[in-house]
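Biologist: Hi! I'm new to this one, could you walk me through it?
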Amino acid sequence: MSFKLDRVHIWAGDVADQAGGVAAKLHMLADEGANLEYISSRRLAEKPGQGILYVAPITGQAAVKAARHAGLHEVEHPIVLRVEGDNEAGLAHRLTTQWARENLSLHGLMMSVLGTKFVGYVQFDSMADANRAAAILGDLGSSVSAELKAKK
């Protein structure tokens, strides 16, 4: 079993919790050619009428400028890893069980399958936890990005 693993640099910002709130922010990014691979949003219970939007990647001067204009900024937390590979039954269970055995608590997890491939975004509370998770995947046969290898 092999995996590809990369760190995802997340940008985030407040968004109005109303129809079109997310669309308005994404419109600014699309106009500047941002090719987003990760989009997540949720309501903020502690701020009625508001939500938060997470996106990635933001690359290039035009996209960075548009993101800032949209009220987004690069965040240090959560630490997000993108995991992809060949899908097989029980894979998510095996991965999360292996991390649990190493006492790694997930901040969040999203995994999807399309055909025979899967992609997942795993959120950790610290870079140390993300690096430990990467090492565990490495032991299971992953292809770890140069950025994560450099931090081990």
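Modeller: Happy to; we'll talk about aromatic pairs and then a sheet.
Modeller: This is a predicted model, where local features need pLDDT of at least 70, side-chain atom pairs count only at pLDDT 80 or more, and totals for chains, interfaces and linings use all residues. Residues are numbered from 1 along each chain as its sequence is written, and side-chain values use heavy atoms, with hydrogens and water left out.

Biologist: How many aromatic pairs does a search of the whole structure find?
Modeller: Two. Rings of Phe, Tyr and Trp (its six-membered ring) pair if their centres lie within 6.5 Å; planes under 30 degrees apart are stacked, over 60 edge-to-face, the rest tilted. Tyr38 and Tyr121 make a tilted pair, 4.7 Å centre to centre with 55° between the planes.

Biologist: Which strands do Tyr38 and Tyr121 lie in?
Modeller: Tyr38 is in strand E3 and Tyr121 in strand E8 (residues 117-124), so the pair ties together parts 83 residues apart in sequence. Strands here are DSSP runs of at least two residues, helices of at least four, numbered from the N terminus.

Biologist: And Trp99 with Phe124, what kind of pair is that?
Modeller: Edge-to-face: 5.7 Å centre to centre, 85° between the planes. Trp99 sits in helix H3 (residues 91-101) and Phe124 in strand E8.

Biologist: Is Trp99 buried or exposed?
Modeller: Trp99 has 3% relative accessibility, so it counts as buried; buried means under 20% relative accessible area, exposed over 50%, partly exposed in between (1.4 Å probe, protein chains only).

Biologist: New topic: in what order do the four strands of the open sheet come?
Modeller: E3-E4-E2-E5, with antiparallel pairing; strands pair if DSSP finds at least two bridges between them.
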